[in-house]
Amino acid sequence: MPSHGLTVQEVVHDPHMHSVFLKYLSVHDTVNFSRLLFLVSVDEFKKLFSAAPTASPTSPSSLRGSYAKKIIAKYMSDDSFFHIGDDRFRVQDQPIATYGTFLKNDLSMCSGLSSDADLFLDVQKAVVAALEPSLEAFRLTAEGRALLQVKVSMIDTTVATSLHDVEVDHTKANFTLERVLSNRRLCCVFWVFLFKERSHGPLSFWMEATMRLLPLMDEYLQGGGANDNDDDASRRSIDGSSSSRLDIDHSRAIVHLGRVLWKKYMAPHATAEVHVLCEGERSLFDVLEHHIGSWSLDTLLSATQVQQAGLTLRSILCYVKDDLQMNHFVRFLQSKSFQSMLQSFQHRLLSPSNNSLAVATLKESRSSHGSSSGSSSDSSTTSLPELFHCMNVISHQPQRPRLTSFALHKVGGAPHCISGVLSFASNLATRGRFNQTVLYALANVYPQDESVAHHHTLPDHLESFLCPSAATIRSTSPPPPSLVHVVVGSTERPFYMVCLTRYVPVTASEYLSPLEAVLLEQKSLRVYVAAGICVLSRYPLFETLRRRLTTLHDDVLTDPSYNDLDFAWSSRHVAALTAPVPSTPAPFPVSHAVDFSMQPLFLCLHIDAILRLFASLLLERKIVLVSSHVSVLTTVAEACKSLLAPLQWPHVYAPLLPPGMLECLHCPTPYLFGVHASQLDSVHALLKTSDDEDDVVLVHLDTHEVANAPMELPPAVRHGLAAKLAELWMPSVAFADTLAPPTPRPFPQDAVRALFRETWTDMMADMEEFSFPLSDEVDSMVVFDNVGFLKHRDGTDAAFYQVFVKTQLFSQFVATNGVQ
């Protein structure tokens with residue numbers, strides 16, 4: 001073949017020729033490398049016009065249109081993986097990106113354009129002209145001469161190099177550590193590779209230092225939080241004026257994160273230790289340790305302190321980057337993780353959105369063309385959690401925060417916390433059913449406020465909870481009135497309801513059965529039916545609402561008509577029940593105070609039983625509370641939820657299951673339910689039918705027993721918590737042998753809550769050292785090092801923590817605290 005016979009078109013049409021030429025261009029001319037790939041893709045596009053019809057449901061025209069758009073996206077857009085343009089390359093006096101945009105728009109408006117085999121003819125001509133100089137230079141190489149002389153021995157004709165393999169080889173050649181570190185998504189993929197090898201320390205440190213600590217320090221300096229001109233700036237304490245509150249919080253965040261990073265990466269035997277390679281790096285570590293050691297949570301950092309620590313940290317990062325390059329990055333390029341990453345369709349795993357593909361696909365950045373980063377995913381992209389799932393790494397993503405504050409209106413500075421008031425009376429014609437009347441609804445008082453209507457519209461399914469004990473009673477004397485509180489509604493957005501119930505005698509004979517009439521005549525056994533009034537709130541204002549209903553009952557007790565089913569509650573009664581909650585001594589609900597006593601939990605269970613109950617809660621077991629008193633069920637369940645703080649129970653929660661809802665005990669997920677003691681036989685029967693009896697923790701509040709608890713809290717946690725609870729709850733016993741035993745006092749509710757919170761916080765304290773926050777432009781998550789964490793547990797604690805770290809409760813805590 002004479003030299004003048006070797007043309008660009010011949011190279012494009014011959015797989016052997018273009019594969020050899022591509023290898024040459026990947027080293028000597030990366031721009032023309034992309035242009036030759038473009039010509040090969042256009043050649044494939046033209047073959048679609050001569051392809052035989054297939055049974056595919058996709059029409060040939062649609063297939064050609066889709067392929068044409070892929071060519072534009074791959075080669076002719078600003079964020080293309082193989083961009084074929086540069087400052088001098090123009091088609092019809094337009095930059096290639098502009099031409100590609102117009103062409104893509106034309107295809108969208110007129111799909112018939114894809115029927116033109118010469119759709120890319122103008123671009124082809126420009127690309128061929130641009131390739132000619134490189135082809136001329138290639139002819140002078142050994143490979144080029146071999147093609148010209150048809151020396152087949154120098155070319156392996158038995159196995160043709162695929163176009164995909166050539167693309168992968170080129171990407172490897174242009175895949176640099178700087179490009180990985182500049183892109184969060186790629187950092188995450190690199191991190192997963194190292195994490196599986198247990199060598200993730202250097203990259204984790206680099207990511208947390210550059211993405212968390214250094215931006216925090218720079219923001220602190222730029223925001224004026226530190227001021228060396230103020231003599232007292234470096235000594236300003238947390239008791240200073242409110243104007244410095246934000247500065248102190250910012251300073252504290254830097255101190256806390258600095259200490260965490262030091263303990264996690266640089267301290268001896270650190271969780272993910274960054275190993276020192278030379279004396280220079282060791283000295284920098286010592287300097288940084290001195291800086292962080294001099295910081296105090298109670299003193300505002302000065303600008304000099306932050307600047308010096310930042311300079312030292314940046315110097316250390318230079319060493320860390322060299323370590324990544326020499327010891328880890330090359331292995332990553334040869335790994336299966338990297339190969340699978342490149343083989344993903346359109347490299348979609350690398351980017352959270354098509355708009356940010358320019359960064360994710362590692363093309364050379366061009367100053368003349370900026371690319372925006374999108375924030376939404378579409379069907380052609382993969383989220384960060386999906387990426388980690390594909391790579392078989394467990395991640396924890398922050399959940400949507402639970403709604404703990406609801407729209408309220410204030411009157412005289414006090415909030416309206418009452419959502420509704422309704423009265424109910426038994427339907428004599430249909431025993432067990434109630435006639436209900438809404439006396440007050442906050443949503444109706446402020447109809448123009450959509451948020452109030454959304455949060456405070458009363459639920460429909462209240463009948464089962466209006467009189468949970470008994471709707472009809474036969475007795476020779478009037479049954480005493482009852483006052484119960486229950487929780488109604490979804491786990492995340494419940495209503496708290498307090499019901500005052502009285503029993504009214506049925507005097508009309510037409511509403512008595514023959515047996516009831518005989519019993520009334522012969523034994524004076526009357527039939528009494530329930531009637532009453534209920535108050536609902538979005539907040540657990542049990543004590544407040546019980547006091548108001550008790551006062552109301554005392555006020556109407558002497559009214560003769562109170563014993564009638566059709567007793568009418570006056571507007572004065574309703575106003576007393578719905579009065580705004582006083583804002584003193586503690587503003588509610590701002591303080592999220594607990595307006596009920598937790599003492600029933602400690603009266604119903606001994607301390608060791610309480611700790612077994614909380615071990616079951618932390619391990620997310622199925623738990624059923626059993627009591628003869630409805631209000632006790634509600635109070636104990638609410639106390640358990642409150643005493644779990646700062647952890648949150650994430651599963652099904654119903655402190656009272658009415659008899660008609662006992663089938664919920666078959667729920668396959670963890671739950672916290674309460675049932676009346678009269679239903680205990682039905683509970684056992686249901687559990688036996690599904691073989692769940694041994695898996696359900698039964699808490700008998702009447703007999704102080706906890707059955708089927710799987711395991712205890714870790715010994716150190718259990719013993720310390722039990723001893724301190726004994727001092728708080730039973731001081732006369734705990735201090736019986738002291739010289740002056742403490743005098744009896746009311747139940748120390750606030751101290752108990754603080755003790756439980758402190759216990760769980762201490763138990764979770766070092767978990768931040770094993771949490772690795774990762775994020776891209778869209779998603780944030782935390783990977784928890786279970787292996788490293790369990791290695792640091794004592795043998796007696798390991799069994800508990802092995803189960804605990806797999807719970808959703810733990811996952812939510814780690815995700816929330818690790819990303820903050």
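Reader: Let's start with glutamate 208: which residue does it form a salt bridge with?

Author: The partner is arginine 212, and the closest N and O atoms are 2.6 Å apart. Bear in mind that this is a predicted model. Both residues belong to helix H11, 4 residues apart, which is about one turn of the helix.

Reader: Is glutamate 208 buried or exposed?

Author: Anything under 20% relative accessible area goes down as buried. Glutamate 208 has 2%, so it is buried.

Reader: Which residues do salt bridges with shared partners join into one network?

Author: Glu208, Arg212 and Lys264 are joined that way.

Reader: How many salt bridges does the structure hold?

Author: There are 16. One of them pairs the side chains of aspartate 785 and arginine 198, at 2.7 Å from N to O. That pair links distant parts of the chain, 587 residues apart: aspartate 785 is in the loop between strand E17 (780–784) and helix H31 (786–791), and arginine 198 is in the loop between helix H10 (184–196) and helix H11 (201–222). Aspartate 785 is buried at 0% relative accessible area, whereas arginine 198 is partly exposed at 38%.

Reader: You keep coming back to H11. What should its 22 residues span?

Author: Count 1.5 Å a residue and you expect 32 Å; the end C-alpha atoms are 30 Å apart, which agrees.

Reader: Where does H11 bend?

Author: At alanine 209, by about 40 degrees.

Reader: On to the cysteines. Which ones does a disulfide join?

Author: For a disulfide, you want two cysteine sulfur atoms within 2.5 Å. Here cysteine 499 and cysteine 534 are joined, with 2.3 Å from S to S, and the count comes to 1 disulfide. Cysteine 499 is in strand E9 (residues 494–505) and cysteine 534 in strand E10 (residues 526–537), so the pair ties together parts 35 residues apart in sequence. The torsion about the S-S bond is about 105 degrees, so this disulfide is right-handed. Cysteine 499 is buried, at 0% relative accessible area, and cysteine 534 counts as buried at 0% as well.

Reader: Last one: how do I find empty space inside?

Author: Rolling a probe the size of a water molecule over the atoms shows where empty space is left. In this model the count is 3 cavities of 30 Å³ or more, and the largest cavity has about 60 Å³ of space.

Reader: Which helices each supply at least two residues of the lining of the largest cavity?

Author: H11, helix H12 (245–266), helix H13 (279–294) and helix H14 (303–333). Among the lining residues are Phe205, Leu213, Gly258, Leu261, Trp295 and Leu313.

Terms used: Residues are numbered from 1 along each chain as its sequence is written. This is a predicted model: local features need pLDDT of at least 70, side-chain atom pairs count only at pLDDT 80 or more; totals for chains, interfaces and linings use all residues. Side-chain values use heavy atoms; hydrogens and water are left out. A salt bridge is a side-chain nitrogen of Lys or Arg within 4 Å of a carboxyl oxygen of Asp or Glu. Buried means under 20% relative accessible area, exposed over 50%, partly exposed in between (1.4 Å probe, protein chains only). The expected span of a helix is 1.5 Å times one less than its number of residues. The bend at a residue is the angle between axes fitted to the seven residues ending there and the seven starting there. On a 1 Å grid over the protein atoms alone, a cavity is a set of points where a 1.4 Å probe fits but cannot get out, and a pocket is an open set with protein on both sides within 12 Å along at least five of seven lines; lining residues have an atom within 4 Å of a point. Grid points are joined across faces, edges and corners, and a volume is the space filled by probe spheres set on the points.
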